[in-house]
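Me: I am new to this structure and would like to go through it in questions and answers. Could we begin once it is on display?

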Amino acid sequence: MNSSSNFSPLGEHVTLQRGITYKSSLLGEPGATLLGLSSISKDGGFRADSLRTYGGDSPPKITLQPGDLFVSLKDVTQSGDLLGSIAKVPPYIKRGRLTQDTVKLSIKSDLDAKYIYWLLRTPQYREYCRSHAMGTTNLSLARDDFLAFSIPAPTTDRLTLIGLLEALDSKIAVNDRTILTCIELASSLLQHETRTNETTNISLKEAAFWLSGGTPKTSEASYWSGDLPWISASSLKSFLIGDSERRLTAIGASSGTKVVPPGTTICIVRGMSLKTEFRMGITTREVAFGQDCKAFIPRGHITPHVFAYSLWNNQTNVLKLVDEAGHGTGRLDSELLGAIQLAIPSKERIGPLEERLAQLTRLGEIRRQESMRLGRLRDTLLPKLMSGQVGTSDAEKVVEDPV
């Protein structure tokens, strides 16, 4: 296996073990971390901001350890962003459990797991998955099609690229953990404040001004590919909201959507993700948003970060309100959502608390922006892994460039 033209089907190198269903009533109980669709990032990689533990049965055959690989052969969106996407269990997840939507990869050849992992992160593989998708609303990738994907043999250049990709991924993973720690610490600070000092319960309806978004005409080219992030149910995947693949021009921003300032809380009120998680966050810059989301600007003495983390701490209560709009789409009724009670600190204490929460959020945002730069650098290298068209010196020069 020394020739770069030597390709073989993935099925010669891996075996698959599908997960099983779980009981939603045991979510959040002590146990293994669920490794479902929400634990995989778009186009691959581990996603840590929506993890939940499971207190039910976790048979050994569907239990994963740090370093194990798992993939999604399903996607609940038509974009196919998760279809075939691969993730690696990080070191801090000591025990993970597959769900009915994920599959474990076990290596049966002499290829290194890292090599296979990065080949399944390439844009060539992602395009292969989308081109073999089955279904309309819910997409699936046939097991045989997945195993038929052709992978190249290792070469010196490819193995060098793997080392560089691993280094970039390690830095991004550290940033992701730092971001999550900042969010969890801010959440805990607010919880401590509300447990130990006087607060006032205020309904979500009364605590903020509610704003509805919209989608500018997608066929109008002059509206899109600008600088203003447009947040939708599919792009809101992080508590820190500062970027999106879809961006509006100034003309698009004034054509059927809503623009909100930094410090605005945005949440999803309609979408398939609502069946398993409540996606929300706080904007770190000016953004626009779509009709499947709601935005909240706090009223009175309620400050932006106190409001955002108060809603974040109510995720479990919000998820209990989700009903189904049809075809597996979750929906949050505005009246029910508006009745959620937020414990708001007094006017005297909210100012210092707001500053502490804002500082933690700013630290997380710095790390998020650095990870975006590193991610762009990684994405310049990934296509070369399949083609083998980059030399060792070329790859090292790219990594040495400032980020």
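Me: Is cysteine 182 buried or exposed?
Reply: In this predicted model, cysteine 182 has a relative accessible area of 6%. Since the cut-off for a buried residue is under 20%, cysteine 182 counts as buried.

Me: What is the relative accessibility of cysteine 129, and how many disulfides does the structure hold?
Reply: Cysteine 129 counts as buried, because its relative accessibility is 0%. In general terms, a disulfide is a covalent bond between the sulfur atoms of two cysteines. In this structure, the number of disulfides is zero.

Me: Which residues touch the most other members of the largest nonpolar core?
Reply: In soluble globular proteins, nonpolar side chains tend to be buried together. The largest nonpolar core of this model has 49 residues, and the ones that touch the most other members are Phe239, Ile266 and Leu337.

Me: Which residues is leucine 337 in contact with, leaving aside its neighbours within four places in sequence?
Reply: Leucine 337 belongs to the largest nonpolar core, and the question sets aside neighbours within four places in sequence. What remains is a list of contacts made up of Leu204, Trp210, Cys267, Val269, Phe296, Val318, Leu321 and Leu332.

Me: How many residues are in the second core?
Reply: This second core is separate, and its members include Val71, Tyr117, Phe149 and Leu377. Its number of residues is 38.

Me: Are helices α7 and α10 roughly parallel or roughly perpendicular to each other?
Reply: Two packed helices are described by the angle between their axes and the distance between the axes. For α7 (residues 304–312) and α10 (residues 347–387), the axes are 8 Å apart and the angle is about 75°. Angles of 65 to 115 degrees count as roughly perpendicular, and therefore α7 and α10 are roughly perpendicular to each other.

Me: Which residues make the contact of α7 with α10, and how many of them are nonpolar, polar and charged?
Reply: On the α7 side, the contact is made by Pro304, His305, Val306 and Tyr309, while α10 brings Ile350, Leu353, Glu354, Leu357, Ala358 and Thr361. By type, these residues divide into seven nonpolar, two polar and one charged.

Me: How many of the nine residues of α7 are buried?
Reply: Helix α7 is mostly covered, and the residues buried in it are His305, Val306, Phe307, Ala308, Tyr309, Ser310, Leu311 and Trp312. Of the nine residues of α7, the number buried is eight.

Me: What is the phi of aspartate 43?
Reply: Aspartate 43 lies in the loop between β3 (27–35) and β4 (53–54), and at 23% relative accessibility it counts as partly exposed. Most residues other than glycine have a negative phi. Aspartate 43, however, has a positive value, with a phi near 65°.

Me: What is the phi of serine 225?
Reply: Serine 225 lies in strand β15 (residues 224–231), and at 72% relative accessibility it counts as exposed. Although serine 225 is not a glycine, its phi is positive, at about 70°.

Me: What separates the C-alpha atoms of glutamate 184 and aspartate 49?
Reply: Glutamate 184 has its place in helix α4 (residues 156–196) and counts as partly exposed at 42% relative accessibility. Along the chain, glutamate 184 and aspartate 49 are 135 residues apart, and their C-alpha atoms are separated by 9.9 Å.

Key
Residues numbered from 1 in each chain as written. Predicted model: local features only at pLDDT ≥ 70, side-chain atom pairs only at ≥ 80, totals over all residues. Heavy atoms only, no water. Core = buried A, V, L, I, M, F, W, Y, C linked by side-chain atoms within 4.5 Å. Buried < 20%, exposed > 50% of the residue type's maximum accessible area, 1.4 Å probe, protein only. Contact = heavy atoms within 4.5 Å. Disulfide = S-S within 2.5 Å. Axes fitted to C-alpha atoms, helices over the stretch in contact; angles between N-to-C directions. Helix = DSSP H or I, 4+ residues; strand = E, 2+ residues; numbered from the N terminus. Parallel < 35°, antiparallel > 145°, perpendicular 65-115°, else oblique. Nonpolar A, V, L, I, M, F, W, Y, C, P; charged D, E, K, R; others polar.
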